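Me: I have a structure open here and want to go through a few spots in it. Can you take my questions as they come?

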Amino acid sequence: MVTTVSVEHIEMTPGVRGGKPRIAGTRIAVQDVMVMHLKMGYSLLEIATKYDLLVAAVYDAMAYYYDRRQVIDREMA
């Protein structure tokens with residue numbers, strides 16, 4: 001069962017990446033995008049290009065992260 005959340009390009013599927021939110025149709029988790037962007041300094045366009053993703057999907061991943069920042073940061077700690 002696939003659960004689509006409030007952002008168009010984000011989905012969660014039990015058994016895929018531990019059910020973590022990820023870019024739809026990929027195994028790239030929202031937290032992966034956040035780490036590459038905020039901690040490693042990649043631009044969102046660079047991430048999209050590097051992994052052949054829609055730019056909108058990468059932006060949706062960051063929007064999802066910012067909407068749920070405290071929860072995601074706590075899970076990563």
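Me: Where does glutamate 46 lie?
Reply: Glutamate 46 is in helix H2. Keep in mind that this is a predicted model.

Me: Is glutamate 46 buried, exposed or partly exposed?
Reply: Its relative accessible area is 43%. Buried would need under 20% and exposed over 50%, so glutamate 46 counts as partly exposed.

Me: What does the side chain of glutamate 46 reach?
Reply: The backbone nitrogen of serine 43, at 2.7 Å.

Me: And how far is glutamate 46 from valine 58?
Reply: Their C-alpha atoms are separated by 9.9 Å, and the two residues are 12 apart along the chain.

Me: OK, on to H3. What span should helix H3 have, and what does the model give?
Reply: H3 covers residues 55-67, which is 13 residues. At 1.5 Å a residue it should span 18 Å, and the C-alpha atoms at its ends are 18 Å apart, so the two agree.

Me: Which residues of H3 are buried?
Reply: Ala57, Val58, Asp60, Ala61, Met62, Tyr64 and Tyr65.

Me: What covers them?
Reply: The cover includes strands E2 (10-12) and E3 (22-23), plus helices H1 (30-39), H2 (44-50) and H4 (69-76).

Me: Take H1. How do the axes of H1 and H3 cross?
Reply: At roughly 95°, coming within 9 Å. An angle from 65 to 115 degrees counts as roughly perpendicular, so H1 is roughly perpendicular to H3.

Me: Which residues make that contact between H1 and H3?
Reply: From H1, Val30, Val33, Met34, His37 and Leu38; from H3, Val58, Ala61, Met62, Tyr64, Tyr65 and Tyr66. By class, the contact of H1 with H3 has 10 nonpolar residues, 1 polar and no charged.

Me: And at what angle do H3 and H4 pack?
Reply: About 90°, with the axes 5 Å apart. H3 and H4 are therefore roughly perpendicular too.

Me: Which residues meet there, between H3 and H4?
Reply: Tyr64, Tyr65, Tyr66 and Asp67 of H3 meet Arg69, Ile72 and Asp73 of H4. The contact of H3 with H4 divides into 4 nonpolar, no polar and 3 charged residues.

Me: Last one, glutamate 11. Is it buried or exposed?
Reply: Glutamate 11, in strand E2, has 13% relative accessibility and so counts as buried.

Me: What lies 3.1 Å from a polar atom of the side chain of glutamate 11?
Reply: The backbone nitrogen of glycine 25.

Definitions and conventions. Residues numbered from 1 in each chain as written. Predicted model: local features only at pLDDT ≥ 70, side-chain atom pairs only at ≥ 80, totals over all residues. Heavy atoms only, no water. Helix = DSSP H or I, 4+ residues; strand = E, 2+ residues; numbered from the N terminus. Expected span 1.5 Å × (residues − 1). Buried < 20%, exposed > 50% of the residue type's maximum accessible area, 1.4 Å probe, protein only. Contact = heavy atoms within 4.5 Å. Axes fitted to C-alpha atoms, helices over the stretch in contact; angles between N-to-C directions. Parallel < 35°, antiparallel > 145°, perpendicular 65-115°, else oblique. Nonpolar A, V, L, I, M, F, W, Y, C, P; charged D, E, K, R; others polar. Polar contact = N/O pair within 3.5 Å; in protein donor to acceptor, adjacent residues only side chain to side chain.
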